[in-house]
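Student: I'd like to go through the packing and the charged pairs in this one. Can we start with the ground rules?

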Amino acid sequence: QRKMARKVFISVLGTSVYKHCKYGVDDYVSEDVRYAQLATIDFLQKTSVESIDKCYILLTERARLRNWLDTKLEDGTLVHGLERCLEAWFPSLNVHPIPIPEGKNEEETWKLFDTLFACIEEGDCLYFDVTHGFRSLPMLVLVFGNYAKLLKNATVQSITYGNYEGRDDSSNTAPL
């Protein structure tokens with residue numbers, strides 16, 4: 001009996017102070033969110049994926065403190081971290097925060113690659129979100145996708161990017 005392929009969502013969480021907006025693609029427009037991951041998972045589950053089996057959020061220690069956990073902004077405003085938001089939006093989602101290095105040199109980039117590869121199982125269907133990742137991350141994802149396809153028979157189903165800077169100011173909706 002053949003095992004069903006896991007549907008695996010992989011995203012990176014950065015250190016910026018993210019602003020709220022809606023994300024849209026085709027006929028889909030998200031609710032007003034601070035994290036593109038929420039809109040991306042919602043979009044995937046409403047349009048192409050019944051459910052995601054695993055959700056890996058790759059984060060540096062700084063990203064964990066600034067955006068994974070609840071935090072206070074400089075003005076004293078309490079901001080819910082992505083961890084709490086994912087729990088609220090998708091209570092049954094199997095979420096795993098994965099510590100990664102900063103990626104400042106070749107050694108750290110290879111450690112990131114190895115960490116990511118360890119998350120993948122034979123035949124996985126991969127859904128990447130590169131919105132809040134390092135600038136080199138999309139290139140790494142392309143190389144990684146080919147590597148995972150060859151060694152673990154995985155398939156890259158989607159690579160998404162929430163283009164906050166390209167949003168429509170009147171509707172505050174960014175392309176996804």
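Tutor: A salt bridge here is a side-chain nitrogen of Lys or Arg within 4 Å of a carboxyl oxygen of Asp or Glu. This is a predicted model, so local features need pLDDT of at least 70 and side-chain atom pairs count only at pLDDT 80 or more, while totals for chains, interfaces and linings use all residues. Residues are numbered from 1 along each chain as its sequence is written, and side-chain values use heavy atoms, with hydrogens and water left out.

Student: How many salt bridges does a search of the whole structure find?

Tutor: One of them pairs R6 with E121, at 3.4 Å from N to O. Another joins K46 and D42, at 3.2 Å. Searching the whole structure gives a total of five.

Student: About how many helical turns separate K46 and D42?

Tutor: K46 is exposed, with 59% relative accessible area, whereas D42 counts as buried at 12%. Both belong to helix α1 and are four residues apart, so the separation is about one helical turn.

Student: What is the N to O distance between R84 and D70?

Tutor: R84 is in helix α3, and D70 lies 14 residues away in the loop between α2 and β5. R84 is partly exposed at 41%, and D70 is partly exposed at 29%. Their salt bridge has an N to O distance of 2.3 Å.

Student: Which residues have the most contacts inside the largest nonpolar core?

Tutor: A nonpolar core is a set of buried Ala, Val, Leu, Ile, Met, Phe, Trp, Tyr and Cys residues joined through side-chain atoms within 4.5 Å. The largest one has 32 residues, and its largest share, six residues, comes from α1. Leaving aside neighbours within four places in sequence, L86 is in contact (heavy atoms within 4.5 Å) with residues including L38, I41 and W68. Those with the most contacts inside the core are I57 and L86.

Notes:
Buried means under 20% relative accessible area, exposed over 50%, partly exposed in between (1.4 Å probe, protein chains only). Helices (H or I, at least four residues) and strands (E, at least two) are DSSP runs, numbered from the N terminus.
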